[in-house]
Amino acid sequence: MAPTLGAMDLIFPSDSVIVVAGVPGAGKTTLLRRAVDRELATVVDTDDRARRGPLLYLGHYARIAMAIAGAKPAVIHSRGTKTVARRTILALATLRGRPAHLLLLHADRAVAEAGQRARGRTVSDSEMDRQVGDWQALLASGTLQAEGWATVELMDRERAAAVTELRFTPAHHAAPALAA
């Protein structure tokens with residue numbers, strides 16, 4: 001019998017920006033819904049949007065910018081494979097003086113597709129081919145730490161399933177809120 005992982009918390013400073021990345025079906029939304037207290041952190045997840053369509057991502061990136069500008073920890077759902085989007089999130093966090101953390105949820109294609117079926121929303125085979133190819137290229141690049149992330153953590157679905165909470169400790173220098 002294989003050993004099982006015990007429950008664990010992931011602990012971040014309270015001024016953090018955390019990007020939870022992975023292919024469709026890797027478990028990003030599942031982790032966010034299970035482990036993030038939305039009273040304590042601002043969560044930006046496309047699955048929270050009832051309307052889908054061409055403006056989904058425009059609104060998603062606007063919500064990301066607003067979350068980073070706020071004072072609460074920001075936890076962001078992202079596929080993570082688009083360099084411009086990933087580095088823009090990092091740059092916005094840096095401009096606000098906030099540490100940015102990258103949490104990579106890895107699932108092989110079969111596991112990710114099972115995750116998609118479980119949630120009742122799948123992507124096409126061609127889209128999944130593209131997503132998996134982009135994800136594999138990202139992991140193979142070895143450049144993420146050099147981008148300037150405070151931490152880069154790779155975990156598989158089993159390890160992610162053991163995460164019970166994203167906890168936030170007082171930051172030494174909390175990011176001030178921007179005036180509206």
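Trainee: Why is the pair R109 and D129 called a salt bridge?
Mentor: The closest N and O atoms of R109 and D129 are 2.5 Å apart. The rule asks for a side-chain nitrogen of Lys or Arg within 4 Å of a carboxyl oxygen of Asp or Glu, so the pair qualifies. Keep in mind that this is a predicted model.

Trainee: Which elements hold R109 and D129, and how many residues apart are they?
Mentor: R109 is in helix α4 (residues 109–119) and D129 is in helix α5, 20 residues apart, so the pair links distant parts of the chain.

Trainee: What makes R109 buried, partly exposed or exposed?
Mentor: The relative accessible area of R109 is 25%. Buried means under 20% and exposed means over 50%, so a value in between is called partly exposed. R109 is therefore partly exposed, and D129, with 43%, is also partly exposed.

Trainee: How do you know that D9 and R167 form a salt bridge?
Mentor: Their side chains meet at 2.9 Å, N to O, and the cut-off is 4 Å, so the pair counts. D9 is partly exposed at 30% relative accessibility, and R167 is partly exposed at 35%.

Trainee: What about R87 and E147: why is that pair said to tie together separate parts of the chain?
Mentor: The side chains of R87 and E147 meet in a salt bridge at 3.1 Å, N to O. R87 sits in helix α3 (residues 83–95), whereas E147 sits in the loop between α5 (125–141) and β6 (151–156), so the bridge ties together parts 60 residues apart in sequence.

Trainee: Are R87 and E147 buried or partly exposed?
Mentor: R87 has 43% relative accessibility and counts as partly exposed. E147 has 15%, and the limit for buried is under 20%, so E147 is called buried.

Trainee: How many salt bridges does the rule give, and which residues are linked in a network?
Mentor: The count comes to 10. R79, K82, E127, R130 and D134 are linked in a network of salt bridges.

Trainee: How do you know whether the span of α5 is close to the expected one?
Mentor: α5 has 17 residues, and from first C-alpha to last it reaches 24 Å. The expected span is 1.5 Å times one less than the number of residues, which gives the 24 Å expected for α5. The two values are close.

Trainee: What makes the buried residues of α5 line one face?
Mentor: The buried residues are M128, Q131, V132, W135 and L138. Viewed down the axis of α5, they fall within an arc of 125°, so they line one face of the helix. An α-helix has 3.6 residues a turn, so residues three or four places apart point the same way. On the other side of α5, S126 and A140 are exposed. The buried residues pack against β2 (17–21), α3, β5 (100–106) and α4. After the helix comes G142, with a positive phi near 65°.

Trainee: Which residues of α1 are buried, and why are they said to line one face?
Mentor: In helix α1 (residues 28–35), K28, T29, L31, L32 and A35 are buried. Their arc, seen down the axis of α1, is within 160°, so they line one face. Their packing partners are β2, β3 (42–44), β4 (74–78), β5, α6 (157–161) and β7.

Trainee: Why is H77 called buried?
Mentor: H77, in strand β4, has 9% relative accessibility; the limit is under 20%, so H77 counts as buried. Its contacts beyond four places in sequence include V20, K28, T29 and L32. H101, in strand β5, is buried by the same test at 7%.

Trainee: Which residues have the most contacts inside the largest nonpolar core?
Mentor: They are V20, V75, I76, L105 and L166, in a core of 42 residues. Among the contacts of V20 beyond four places in sequence are L31, L32, V75, I76 and L105.

Technical notes:
Residues numbered from 1 in each chain as written. Predicted model: local features only at pLDDT ≥ 70, side-chain atom pairs only at ≥ 80, totals over all residues. Heavy atoms only, no water. Buried < 20%, exposed > 50% of the residue type's maximum accessible area, 1.4 Å probe, protein only. Helix = DSSP H or I, 4+ residues; strand = E, 2+ residues; numbered from the N terminus. Arc of directions from axis to C-beta. Contact = heavy atoms within 4.5 Å. Core = buried A, V, L, I, M, F, W, Y, C linked by side-chain atoms within 4.5 Å.
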